[in-house]
Amino acid sequence: MLSTFAPFLRRPEAASIISLVGIVAFYVIIGGVDLRTLFGAASWVNFAANLGIVAIPVGILMIGGQIDISIGAMIPAGSMTIAILSGYYGLPIEVGIIGTLALGAVVGLVNGLLTVRTTVPSLIVTLGTLVVMQGVVLAGANLLTGAASVKLEAPAWAKAAFGSLIGPSHQVIIFWWIVIALIFAFAIHKTRFGNWVYAMGGDLVSARNAGVPTARLTIILFMLSAISAAFVGMCGAIQFNSAQVSGGMGYIFNTIVSIVVGGVLLTGGFGSVIGIFIGTITFAIVSQGIYFTDIDRNWSNLIIGVTLLLAVAMNESFRKFALRAGPKKKAASS
Amino acid sequence: MSANAPILALRNVNKSFGPIDVLHDINLEVRAGEVLCLLGDNGAGKSTLIRILSGVHQPTTGAIEMDGGQVSFPNPRAAADKGIATVHQFGGTFPLMSIGRSFFVGVEPTKGWGPFKVYDRKKANAIAVKAVQDFGITRIDDGDRLVGGLSGGERQSLAIARAVHFGARVLILDEPTAALGVKQAAHVLRIVNEAKRRGLAVIFITHQVMHAMAVGDHFAVLIRGAVAADFKKGEKSREQITDLMAGGETMADLEKSIDGYMSTHGGHPPPPAH
């Protein structure tokens, strides 16, 4: 019986799948939710897609042994950049898109360089850039436009690609989320690049000595996470035809919870893209799905907290299980 | 075998960190198919010596020679490229990676072309498992197992097999048996012998004299940063080596003084100093 499930339990995403099933079961049994309504709903899928596009690169950064919390400021920074460039100044939308993603690249580059060149932990480095970027966005928006909210009218093609609805209420960003997840899953699990990320997160010095270009790899990962955050902000501005200076801070904790529920080890070296993907869905269903239940929504944070702790406990025990010898040795010892 | 020229040699190497001299006038040689045991107590300078040999530190004065020509290792990568592989106490392996993946970190085999060049898991696993099994570790037969699930001895063996597979000529083993039980240590010593049989030069760092004597051809004792003794297999007994490592104050003397005290004090040991 156990041996049938053993290969599954050894995978990094095992706990996230169990968490997801557990949460849905809990909502059905205790909350009296109708599964068709839940799975037909767009709210949690939209929420998951916005969160997931940031969670995947940040999670991969965590597998590589670093963390990026500056994404909390990069999301409003991304939406403000495109709104100021293409909305306030009326530049072509292409310029706005390139400018937004370039800002992400620059902030990611700064995060990466500071992490690689100093011994300051990336939590502190990105805490610094988080606060800096908040200041830049607030003061910059005020200086350039004199307002905290900027309007943006995107042309039809940009609206269709980044900010339209599929059907009555599903955002087009869901499509981007799935594509990004597939690309990253391929890169991380099937290429040499992915193996380097795991090696770097497992043991930075050994990886460097084995010839992995750790500095360059770290900088690339930071750039990807900042670009992804700017992209999510940009899609939001195009979707809602305006951008605000605030918001985005909630993403910091939400991404970390999704990533950890998804089976990524906080200290690096272990995790999977599919795990992060499922962890994000789990988090979205816990926080948004509660509206479909009879449960008072004020309980949602409690449920998130308990899910996180249970998932972490499961991750720990499954990881130990994965570390134990394979089936061959067990047969010999019994 | 030992008549040929040394692969790796240190000539009058000194190393100081600021005002602190750590190594004085170190002269060492190691030849192909020979195990050089570097013995010394904690703080004798063994670690610094390893770091010089593996390119982490550079000598303050003196020279490193390979195959008779002077070389310098500005970084660990340079030393590795010249065929010097260092295996640390805990293997320098990645506990949460599979055997196949960790074996090929940095040199992963791929198949396919262009952007679809994918990591060849089957090939990596097969090569890694075969390399370890060739060293007599037949219990490793699944390349997908995580390295952290292996025993300490198996992890050492994997690291040594990896170094040999990638063409190491000089193998530096830093206290490979220190954290291991008796059986596991015997395992690693067998692998050291196998590496030697294959013509590698092995520098075996330890403070366990028994382990050194089991595999060593040549011994150097390091005391306070200097080579206090340099001798061949069979020239000194275990007691003599232990005495040397203890820094001249012989263990026999120590035992004698305690025995003397006990005979005059009714069989009681001396009271603790404080």
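Residues are numbered from 1 along each chain as its sequence is written, and chains are lettered from A in the order in which they are written. The model being predicted, local features need pLDDT of at least 70, side-chain atom pairs count only at pLDDT 80 or more, and totals for chains, interfaces and linings use all residues.

Strands are DSSP runs of E, at least two residues, and helices runs of H or I, at least four, numbered from the N terminus; two strands pair if DSSP finds at least two bridges between them.

Next, select β9(B) and β10(B), which run parallel and are joined by five bridges. Here V170(B) stands opposite A201(B) of β10(B).

Proceed to helix α6 of chain B, residues 182-197. Its buried residues (20 or more other C-beta atoms within 10 Å of their own, C-beta atoms being placed from the backbone) include L189(B), I191(B) and V192(B). Just after α6(B), G199(B) takes a positive phi of about 90 degrees.

Finally, display both chains: 24 residues of chain B are in contact with 23 residues of chain A, contact meaning C-beta atoms, placed from the backbone, within 7 Å. On the side of chain B that touches chain A, α2(B) gives the most, with three residues.

Methods
The expected span of a helix is 1.5 Å times one less than its number of residues. A residue is buried if 20 or more other C-beta atoms lie within 10 Å of its own, exposed if 12 or fewer, and partly exposed in between; C-beta atoms are placed from the backbone. Two residues are in contact if their C-beta atoms, placed from the backbone, lie within 7 Å.
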